[in-house]
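Please keep the sequence and structure in view while reading.

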Amino acid sequence: MLTRTRRTSLSLLTFALAASLAPLAQAADALAPDGPRALPGSLPLMPVPARVERIDGAGYTVTATTPVHAEGDAARRVAGQFTTLLRDSGGPALQVQAGRGKEGVRFVLDKALKTGAEGYQLRTGSTGVTVQAATEAGLFYGAATLSQLATTGAGGTVPALRIDDAPRFSWRGLMLDSARHFQSLDEIKRVLDAMAEQKLNTFHWHLTDDQGWRMEIKRYPKLTGVGSCRIPAGDGGRDPATGAPRPYCGFYTQDQIREVIAYAAARHIQVIPEIDVPGHATAAIAAYPELGTLDTPLTPLSEWGVFPNLFNTEESTFRFLENVLEEVIALFPAKYVHVGGDEAVKDQWKASARVQARMRALGVGDEMEMQSHLIKRLEKYLEQHDRRLIGWDEILEGGLPPEATVMSWRGTEGGLKAASEGHDVIMSPVTDMYMDYLQTTSDNEPPGRPLTTPLARVYGFEPVPDALARDKQQHILGLQANMFTEHTRSYARLQHNLFPRLAAVAETGWSPRERRDYGDFLARLPTQLQRWQAMGIAYAQTPFEVELDTRDDRKAGTATLTLRNPLGYEIRYSTDGSAVTPQSPRYSTPLQQPLPVALQAAAFFDGKALARAASRFDITAASLLSRTDEHLALCPGEGKLLLRLEDDGPADGARAIFNVNIFNPCWFWQDADLDGIARLRVRAGQIPYYFQLAYDEPQRRFSPARSAHGEMDILNGQCDGAPLATVPLPAVPGKDGFITLEAALPRSLKGTQNLCVRFTGDTRPTMWVLDELTLLPK
């Protein structure tokens, strides 16, 4: 399908998202009821240090001539990293000199200090700044803090202070999925740089999945020769000139993996590989069909969801997995190896006579125990090679070796259970730590998962459950953000999804619980945005933009405009089309305006605009008669899974984005004013249905087609019963990828009504999706 032009003239309330996420938004808002506010004595540092003491004195100003001193190889390495980070964060370019020196910046490695494995001390006086630690890692984190102190917008002046700092948790992580969409080495290094600046220390690398195998295994070359390529769905998988299949491919050679590991180690980040078993195995089985349970050949697919394909339970398959782990262990020096274990639908095992015979031979009672047997086998192999197994919380099912570590993603309950049983745990719940969920309800958000995980919710997550006994709390090693990439096909989108939320994850992982304050975090965030700009990090703009809710009175020719910023920053606006400045009126209460109105608005902090551009809304009587899919609700009834989906084409460049309930493709305009309205006009497109639903398949609903290609039905009330109007659908969309249909409304339909638009017919292999609904006057 071709790209549509997305309108920027009017943003109404995003009803579909807001209705389903109101409880989350209310919980988030409660964290900072007064909006951004700096605590007394607060410094614009992220994450906030454990202990900061202001002392008398004038402090020290870091300038382009400030000397940097260090003794010994380790201290000199850190000093060099400090100068690079300072320069890249917008500070001056400094030079490292040998020796301690009497003035300037000094880095001291002293193993006798009681700073711990990652802690440091920082002291500022009139002659300079000294950073010291017992380990190189601690010294590095002190360098990161000093770089932030020197780039606070105060002309490089570091106040007189004492900082004694160390992290709360030993595991402060980010998982990056390179299987669904592939990142270049340069992009991964830039992510590692940003992690290090925020004192994150664990990079969990998701390298295998149904959609692709991304790690070279020399013993099994077809894992990447076959398993690293797939054909994207629809137009994206065809060469636009020839129509020939255009594969999406990519994998990392072992030399490239070593390069990433070394780059991360220099920044004190451990790299944890993930090789998924027994599910998420389609790419591996496509490469080596004897690993699967079916006779039907498989190929890596550009579909999302939960696939049914599992590794079989043969001894030869277990040896294959151990052989893969042998090469993984040789490459990755980290203590942990992640084996997945999640979303392994057991239907194929249940239906396989070979698997059932194998279970009987092993004395295994059911399929859950069979998975547990596999996990225990791999855990024993890893233990023999001085490694520890880690997996998603499903590995608890069927029994788990005591040495295994659990990564709790389906909430905190699995982590609570695992820690109570004596297992080490990393908290990574989908409700709080998944970075591929949308950040705001803005229609400027990229494609993503159905729910919204706002910054406040990420910041408010507490990794140690109150219900966990005190003597078990040491088993909570820390927390991790997860960045799955089904909908993240570009590095720009990856940055949007990670930032600024990754800073909230970092502060929760590093700072003491009692030092965390969301209002203060928001007050410190604008300074961090300036650093990210200098570092070239394209953080999300949507949390810093202004959103608009509109209620109109068509007869009076007026509209009531309610403005909001997702993070609660101050809003300034204009209604005459003029540029918004710090001197523009400050928004406080809804605005009632005659139509038309050219509204511009921007969020500010300390007199500075936070987004790259002001939000603009051109509101006319005609624009209020149209709503895009973002501004329509889900139809009432069962079966709701709202996704923000990208079009399948063009093969390159920007694509259209649609909000659609894949369980029931039906859109709902609540309280539509139909006085004087004769017809409806609907613009719609068609996209591939690329979802594997597993046990959620019964939730999928569609109205059977009544003609060759189905119909567009217009309904009212609860979106059931006889249609108010019906228009036949064509076999295919037009050359631009869209169709435009008009339907006449019954003359008796007047006043305020609830309108529904649905498309009949099976949603497989393609589904119609609404782009825009317009009311047409008589």
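Are cysteine 719 and cysteine 756 buried or exposed? Both cysteine 719 and cysteine 756 are buried (under 20% relative accessible area; exposed is over 50% and partly exposed in between, with a 1.4 Å probe and protein chains only).

## Basis

The model is predicted: local features need pLDDT of at least 70 and side-chain atom pairs count only at pLDDT 80 or more, while totals for chains, interfaces and linings use all residues. Residues are numbered from 1 along each chain as its sequence is written, and side-chain values use heavy atoms, with hydrogens and water left out.

## Disulfides

The whole structure holds 3 disulfides (pairs of cysteine sulfur atoms within 2.5 Å). Counted along the chain, the bonded cysteines follow the pattern 1-2, 3-4, 5-6.

Cysteine 229 and cysteine 249 are bonded with their sulfur atoms 2.0 Å apart. The torsion about this S-S bond is about 120°, so the disulfide is right-handed. Cysteine 229 sits in strand β14 (residues 229-230) and cysteine 249 in strand β15 (residues 248-249), 20 residues apart. Helices (H or I, at least four residues) and strands (E, at least two) are DSSP runs, numbered from the N terminus. Cysteine 229 is partly exposed at 24% relative accessibility, and cysteine 249 is partly exposed at 38%.

Cysteine 635 is joined to cysteine 666, S to S 2.1 Å. This link is left-handed, with -70° about the S-S bond. Cysteine 635 lies in the loop between β33 (633-634) and β34 (642-646) and cysteine 666 in strand β36 (residues 666-673), so the bond ties together parts 31 residues apart in sequence. Both cysteine 635 and cysteine 666 are buried.

For cysteine 719 and cysteine 756 the S to S distance is 1.7 Å. The torsion is about -65°, so this disulfide is left-handed.

## Helix contact

Helix α10 (residues 353-362) packs on helix α11 (residues 367-384) at about 70°, with their axes 11 Å apart. Axes are lines fitted to C-alpha atoms, for helices over the stretch in contact, and angles run from 0 to 180 degrees between N-to-C directions. The helices α10 and α11 are therefore roughly perpendicular (65 to 115 degrees; under 35 is roughly parallel, over 145 roughly antiparallel, the rest oblique).

Gln356, Met359 and Leu362 of α10 meet Glu367, Met370 and His373 of α11 (contact means heavy atoms within 4.5 Å).

## Strand pair

Strand β29 (residues 597-605) pairs with β31 in the antiparallel sense over 5 bridges (pairing needs at least two DSSP bridges). Leucine 599 stands opposite phenylalanine 617 in β31.
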